[in-house]
Amino acid sequence: MSGGELKAFDTPFFLKKNFGSGYRLICVKENSNSTSENVTNLIRKFIPDVEKASEIGTELTYLINDQHVEVFKDMLEELEKNSKELEIENFGISPSNLEEV
């Protein structure tokens with residue numbers, strides 16, 4: 001629905017696949033003073049055009065297109081391996097949800 005009009009009707013999977021923004025990578029920094037630049041640079045080794053969607057307090061959010069799914073495994077392993085140096089406490093990745101669509 002948009003402006004009171006039905007814009008699309010189908011299964012949640014179809015709607016997310018065709019109208020979604022891909023995936024959301026969320027990294028939680030150890031503290032709000034930690035720099036996000038090093039985290040962004042590491043992610044750019046795998047996804048050169050990635051940009052931060054938001055940085056609120058200790059939470060960094062990146063939006064990643066579906067076309068980059070093949071690098072997720074290596075990228076997440078690298079984040080895990082370097083989490084201490086990057087001052088990352090936690091991170092996770094999830095597909096776009098219906099509210100975002």
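Ile43 is a residue of helix H2, where helices (H or I, at least four residues) and strands (E, at least two) are DSSP runs numbered from the N terminus. The model is predicted, so local features need pLDDT of at least 70 and side-chain atom pairs count only at pLDDT 80 or more, while totals for chains, interfaces and linings use all residues. Residues are numbered from 1 along each chain as its sequence is written, and side-chain values use heavy atoms, with hydrogens and water left out.

Apart from neighbours within four places in sequence, Ile43 is in contact with Leu25, Val50, Tyr62 and Met75, contact being defined as heavy atoms within 4.5 Å. Between the C-alpha atoms of Ile43 and Leu79, which are 36 residues apart along the chain, the separation is 8.1 Å.

Ile43 and Leu79 are among the residues with the most contacts inside the largest nonpolar core, a group of 16 residues. Such a core is a set of buried Ala, Val, Leu, Ile, Met, Phe, Trp, Tyr and Cys residues joined through side-chain atoms within 4.5 Å. At least two residues of this core come from each of strand S1 (23-29), helix H2 (37-44), strand S3 (59-64) and helix H3 (72-81). In soluble globular proteins, nonpolar side chains tend to be buried together.

In H2, the buried residues are Val39, Thr40, Leu42 and Ile43. Viewed down the axis of H2, these residues fall within an arc of 160° and so line one face of the helix; the arc is that of the directions from the helix axis to the C-beta atoms. The cover over the buried residues of H2 includes S1, strand S2 (52-56), S3, H3, helix H4 (83-86) and strand S4 (88-95).

The buried residues of H3 are Phe72, Met75, Glu78 and Leu79. Their arc around the axis is only 135°, which puts them on the same side of H3. Glu78 counts as buried because its relative accessibility is 19%. Not counting residues up to four places away in sequence, Glu78 touches Leu42, Lys45 and Phe46.

**Strand pairing**

Strands pair if DSSP finds at least two bridges between them.

| Strands | Bridges | Direction |
|---|---|---|
| S1 and S3 | 6 bridges | antiparallel |
| S1 and S4 | 7 bridges | antiparallel |

Arg24 has Leu63 as its bridge partner in S3 and stands opposite Ser94 in S4. Thr61, also found in strand S3, is buried, with a relative accessible area of 3%. Leaving aside neighbours within four places in sequence, the contacts of Thr61 are Arg24, Leu25, Ile26, Lys52, Ala53 and Ser54.

**An aromatic pair**

Rings of Phe, Tyr and Trp (its six-membered ring) pair if their centres lie within 6.5 Å; planes under 30 degrees apart count as stacked, over 60 as edge-to-face and the rest as tilted. The count by this rule is 1 aromatic pair. Tyr23 and Phe72 form an edge-to-face pair, at 5.1 Å centre to centre and with 85° between the planes. Because Tyr23 lies in strand S1 and Phe72 in helix H3, the pair ties together parts that are 49 residues apart in sequence. Tyr23 counts as partly exposed at 23% relative accessibility, whereas Phe72 counts as buried at 10%.

Note on methods: Buried means under 20% relative accessible area, exposed over 50%, partly exposed in between (1.4 Å probe, protein chains only).
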